[in-house]
Amino acid sequence: MSDAAIRVEHATRASRIGMTLLALLVVALAAAPLWADRASLRLMGEIFTFVALASLWNLLAGYAGLVSVGQQAYVGFGGYVLFAAAILFGVPPIAAIIVAGALAALLAVPVAALMFRLRGHYFAIGTWVVAEIFRLVAAQIGVLGGGSGVSLPAGVITGIAATRAMREYIIYWLALGLAVLVVGGIVLLLRSRYGLALTAIRDNETAARSNGISVMRIKYLVYVVTAAGTAMTGALIFLTKLRISPDTAFSVNDWTAFVIFITVIGGIGRVEGPLIGTIVFFLLRETLADLGSLYLLMLGAVAIVVMLFAPKGLWGFVADRFGWQAFPLERRLAHKP
Amino acid sequence: MPTLLALEQISKRFGAVVVADQIDLALAPGEALGIIGPNGAGKTSLFGMATGTLSPDSGRVIFDGADITTLPPERRCRLGLARSFQIPQPFGGMTVFENVVVAAAFGTGARERDVYAPCADILDRCGLSQKANRPAGALTLLDRKRLELARALATKPRVLLLDEVAGGLTEHECTALVALIKDIRADGVSVIWIEHIVHALVSVVDRLVVLHGGRFIAQGEPHSVIKSAPVQEIYMGIPADA
Ligand SMILES: Nc1ncnc2c1ncn2[C@@H]1O[C@H](COP(=O)(O)OP(=O)(O)OP(=O)(O)O)[C@@H](O)[C@H]1O
Ligand SMILES: [Mg+2]
C-alpha cells in the first residue's frame with residue numbers, strides 16, 4: 001500500500017457538529033454582559049472556574065492516572081500568590097494570575113519528585129498531606145492575615161476597572177477565557193503526540209511502557225502543567241471572592257471533592273465529561289442548596305446512582321451508545337478512493 | 001556466534017515457586033527460537049524479565065552487547081525489543097489504528113504523521129485493516145492477539161518476542177500466521193516464540209528449548225527435541241488443548 005492511498009481524519013460528523021455548537025456557545029457566553037443580569041454573570045463565572053478545575057483534574061487523574069485529592073493545594077497557593085503579589089508588591093491582579101501559574105509550576109517540580117515516590121493509594125494520601133501543609137503554612141503568614149485571612153484592598157480592586165459593572169464584566173470574561181484556554185489547551189494537547197501517549201497511558205500503563213512511552217516523564221509533565229492551571233484558576237477564584245483565608249483557600253471539599261464529583265458523574269477520561277458534570281453539579285446545587293445538609297446527601301446519592309448505572313459517567317453513557325464526540329480527537333484511517 | 005539478546009544466569013521466584021533457576025539463553029541475530037513447557041513453567045516470566053516488566057532476583061540481561069538489566073521497558077522497546085503479551089493489553093479506548101500508531105510513534109521515535117502509512121500496512125499484514133477504526137476494547141480475543149502482534153511489529157523490533165499468538169486459530173489462519181512470522185524473519189528480525197501449538201512452532205524455529213522447573217531440560221534441533229525422552233514424559237499428561 002503506498003503513501004498516497006491513505007488519509008487520516010481527525011474530525012467526525014459528530015465532532016463537527018460538536019465544535020460548531022461549542023463555538024456558538026462561546027460567542028453567546030462572551031456576549032453575556034449584554035443579556036444576563038449581575039447574579040447570573042457571577043454564577044456563570046463560578047461555573048467556568050469549575051469547568052477549568054474539573055478539566056484539569058480529569059487530565060491529571062483521568063488520563064495520567066494521578067488520582068490526587070490535594071489539588072486544593074494549588075487552588076489555595078494561586079489565591080495566596082495573587083493576594084501577596086497585589087498587597088505586598090502592588091502587582092496588578094490580572095498579571096498576578098499569570099505569576100501564580102508560573103510559581104505553581106516551579107513549586108510542583110519538587111512536590112512531584114516527592115509525591116512520585118508514593119505508589120497507589122499513598123500517592124492520593126500524600127497529595128492531601130501536602131495540601132494540609134500548605135494550609136498550615138498559609139496560616140503562619142502574618143502579613144496575609146494568618147489563620148483568619150485577609151481582604152483585597154479597595155485600591156487593588158478599583159485598579160481593575162473604574163466602575164463596578166466593568167469590573168464584574170472583566171472578571172466574568174477572565175473566567176470564560178480561562179475555561180476556554182484550559183479546555184482548548186487540553187484538546188490541543190490530546191491532538192498532539194503527547195495526547196497519543198496520554199490516552200495510551202489512560203488505557204493501559206503496562207502496554208504504554210512496553211510500546212516505548214516514557215510514562216513517568218509524561219506524568220511529571222502533566223502534574224506540573226495541571227498545577228499551573230489549577231493555581232491560575234485559584235487566583236481568579238479568590239480575585240472574585242475578594243477575601244482569602246487558609247480554610248477557604250485550601251478547602252478539600254470545595255476544590256477537590258466537588259471537582260471529583262463533577263468529573264466522575266460527567267465521565268472521567270473524556271474531555272467532555274467535566275463539561276457535562278459541571279452543568280449537572282450546578283443544576284443540582286441551584287435547585288437543592290436550600291435543603292442544607294440534605295443537599296450533600298443528594299449529591300452522594302446521585303454519584304452512587306451514576307457510578308452503578310453509568311460507570312463511564314453521563315457523557316460516557318451517551319457517547320458510547322451514539323458514537324458521539326464533541327472534539328475532533330480521533331485518528332480515523334480512511335482509504336482514498 | 002554473535003549474540004543479540006542474552007539472559008545470563010537469570011533467577012526468579014515467586015514465594016516458593018521457582019520460575020527461573022540460573023537460566024542462560026542466547027539468541028543470535030536472525031535466529032528464531034521456540035520455547036515450550038508446561039503451564040506455569042515460567043515462559044511468560046522470561047519475557048517479562050527480557051523486556052523489563054519483571055525484574056529478576058539475580059542475573060543479567062544483555063542486548064546487543066549492552067547490559068540492560070535495569071533499563072525500564074520503554075527504553076528496551078526503543079532499543080528494538082518488542083513483545084506481544086499472552087494476555088492482550090490493548091489500549092481499549094483507542095481505535096485499532098491508533099493502537100498501532102502509538103507503538104510506531106513511540107517505539108521508533110518517529111513523527112506521528114510519518115507512521116500513518118507504515119501502520120496501515122502493518123494492519124493489512126496482520127489481517128486487521130477492516131477493523132482499523134473500531135475501538136480496540138471491542139475486539140474478539142483472536143483480534144486482540146493480532147493487535148498485539150501488529151503493535152509489536154510497529155515498533156520496528158530487532159527482536160520480537162511472541163507469547164502464544166497461535167492459540168485458538170483455525171488451521172487456515174494458523175498457516176497464514178506461520179507465513180507472516182516467516183516473512184518477519186526474512187526482514188532480518190530475530191524471534192523468540194512461546195507456543196503450545198507445537199507443529200506451527202517447529203515449522204518456523206531453528207532451535208527449540210523446553211522450560212520446566214525453572215530450567216531448560218532439553219534444547220536443540222526442534223524435531224529431535226520434541227522426540228526426546230524428557231519432553232515426551234512431560235507432555236504425556238498434558239491435555240489436548242496444550
Ligand atoms: N506476578 C506474579 N506474582 C506471583 N506469582 C506469579 C506472578 N507471575 C507469575 N507467577 C507464577 O509464576 C509461575 C510462572 O508463570 P508464567 O506466566 O511465567 O508461566 P508460563 O510458563 O507462561 O505459563 P502458561 O503456559 O500458562 O502461560 C506460575 O505459577 C504463576 O502463577
Ligand atoms: Mg505464559
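Trainee: Which strands of chain B does helix 5 (residues 141-154) lie across, and at what angle does helix 5 run to strand 6?

Mentor: Helix 5 of chain B lies across strand 6 and strand 7 (159-163), at about 175 degrees to strand 6. Contact means heavy atoms within 4.5 Å. Axes are lines fitted to C-alpha atoms (for helices, over the stretch in contact), and angles between N-to-C directions run from 0 to 180 degrees. Helices are DSSP runs of H or I with at least four residues, strands are runs of E with at least two, and both are numbered from the N terminus. Please remember that this is a predicted model: local features need pLDDT of at least 70, side-chain atom pairs count only at pLDDT 80 or more, and totals for chains, interfaces and linings use all residues. Residues are numbered from 1 along each chain as its sequence is written, chains are lettered from A and ligands numbered from 1 in the order in which they are written, and side-chain values use heavy atoms, with hydrogens and water left out.

Trainee: What makes strand 6 and strand 10 of chain B edge strands?

Mentor: Two strands pair if DSSP finds at least two bridges between them. The open sheet has six strands in the order 6-7-8-3-9-10, with mixed pairing. Strand 6 (81-84) and strand 10 (215-220) each have a single partner strand, so one side of each is left without a neighbour in the sheet. From one strand to the next, the twist averages 15 degrees.

Trainee: How many bridges join strand 3 to strand 9 in chain B?

Mentor: Four bridges join strand 3 (residues 32-36) to strand 9 (residues 207-212), and the two run parallel. B:L33 has B:R207 of strand 9 as its bridge partner.

Trainee: How many bridges join strand 4 to strand 5 of chain B?

Mentor: Two bridges join strand 4 (residues 58-63) to strand 5, running antiparallel. B:I62 stands opposite B:D67 in strand 5 of chain B.

Trainee: Why is helix 9 of chain A called roughly perpendicular to helix 11 of chain A?

Mentor: Angles under 35 degrees count as roughly parallel, over 145 as roughly antiparallel, 65 to 115 as roughly perpendicular and the rest as oblique. Helix 9 and helix 11 (residues 215-241) of chain A pack at about 105 degrees, their axes 11 Å apart. That is why helix 9 of chain A is roughly perpendicular to helix 11 of chain A.

Trainee: Why are helix 9 of chain A and helix 3 of chain B called oblique?

Mentor: The axes of helix 9 (residues 193-203) of chain A and helix 3 (residues 96-108) of chain B come within 10 Å and cross at roughly 120 degrees. The two helices are therefore oblique to each other. The contact is made by A:R193, A:L196, A:A197 and A:A200 with B:V101, B:V102, B:A105 and B:F106.

Trainee: What makes helix 4 of chain A oblique to helix 11 of chain A?

Mentor: The axes of helix 4 (residues 72-89) and helix 11 of chain A come within 6 Å and cross at roughly 55 degrees. That makes helix 4 of chain A oblique to helix 11 of chain A.
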